[in-house]
Amino acid sequence: MTVARVTEIISGSTISIEDAVNEGVARASKTLKNVQSAWVKDIKTVITDGKVTEWRTTLAVTFLLED
């Protein structure tokens, strides 16, 4: 029987949404074993002087639990 767990993380990037997701998944994979997927639940931006200066994503990361 396979059992999975979902944990929520927030990651950011000054480059793009895709980079924020990639950074979040890479960081989660350092701590969590058997990362299987990530769902982008939310996207936010930081605005400075009328310009987007950072993209932030909220990710639901799914990983398999070991026996």
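**Entry 1: a first look at Glu54**

Is Glu54 buried, partly exposed or exposed? I looked this up before anything else, keeping in mind that this is a predicted model. Glu54 has a relative accessibility of 21%, so it counts as partly exposed. The cut-off matters here, because buried means under 20%.

Next I asked what Glu54 pairs with. Its salt-bridge partner is Arg56, and the closest N and O atoms are 3.3 Å apart. Arg56 is partly exposed as well, at 39% relative accessible area.

**Entry 2: the other salt bridges**

How many salt bridges does the whole structure hold? My search turned up 3. A reminder to myself: side chains of opposite charge can pair when their charged atoms come close.

Lys41 and Glu8 make one of them, with 2.7 Å between the closest N and O atoms. Lys41 belongs to strand S2 (residues 35-48) and Glu8 to strand S1 (residues 4-13), so this pair ties together parts that are 33 residues apart in sequence. I also checked the cover on Lys41 and found it partly exposed, with a relative accessible area of 39%.

Lys44 and Asp42 make another, at 3.9 Å from N to O. Asp42 is partly exposed, with 31% relative accessibility.

**Entry 3: the sheet**

In what order do the strands lie? I read the order as S1-S3-S2, an open sheet of 3 strands with antiparallel pairing. S1 and S2 stand at the edges with a single partner strand each, so one side of each has no neighbour in the sheet. From one strand to the next, the twist averages 15 degrees.

I then went through the pairings. S2 and S3 run antiparallel and are joined by 12 bridges.

**Entry 4: the hairpin**

I stopped at the hairpin of S2 and S3, which has 2 residues between the strands. Asp49 takes a positive phi there, near 50 degrees.

**Entry 5: Thr58**

Is Thr58 buried or exposed? Thr58 lies in strand S3, and at 14% relative accessibility it counts as buried. I listed its contacts, leaving out residues up to four places away in sequence: Glu8, Ile9, Ile10, Trp39, Val40, Lys41 and Asp42. Some of these were already in my notes: Glu8 and Lys41 form a salt bridge with each other, and Asp42 forms one with Lys44.

**Entry 6: a nonpolar patch**

Which residues make the nonpolar surface patch? I found Met1, Val3 and Leu65, which together give a patch of about 350 Å². Leu65 sits in the segment after strand S3 (51-64). With a relative accessible area of 42%, Leu65 is partly exposed.

Terms used: Residues are numbered from 1 along each chain as its sequence is written. This is a predicted model: local features need pLDDT of at least 70, side-chain atom pairs count only at pLDDT 80 or more; totals for chains, interfaces and linings use all residues. Side-chain values use heavy atoms; hydrogens and water are left out. A salt bridge is a side-chain nitrogen of Lys or Arg within 4 Å of a carboxyl oxygen of Asp or Glu. Helices (H or I, at least four residues) and strands (E, at least two) are DSSP runs, numbered from the N terminus. Buried means under 20% relative accessible area, exposed over 50%, partly exposed in between (1.4 Å probe, protein chains only). Patches are made of residues with over 30% relative accessible area and no salt bridge: like charges are joined within 9 Å, nonpolar side chains (Val, Leu, Ile, Met, Phe, Trp, Tyr) within 5 Å. Accessible areas come from the Shrake-Rupley method with a 1.4 Å probe; for residues, only the protein chains shown count as cover. Two strands pair if DSSP finds at least two bridges between them. Axes are lines fitted to C-alpha atoms, for helices over the stretch in contact, and angles run from 0 to 180 degrees between N-to-C directions. Contact means heavy atoms within 4.5 Å.
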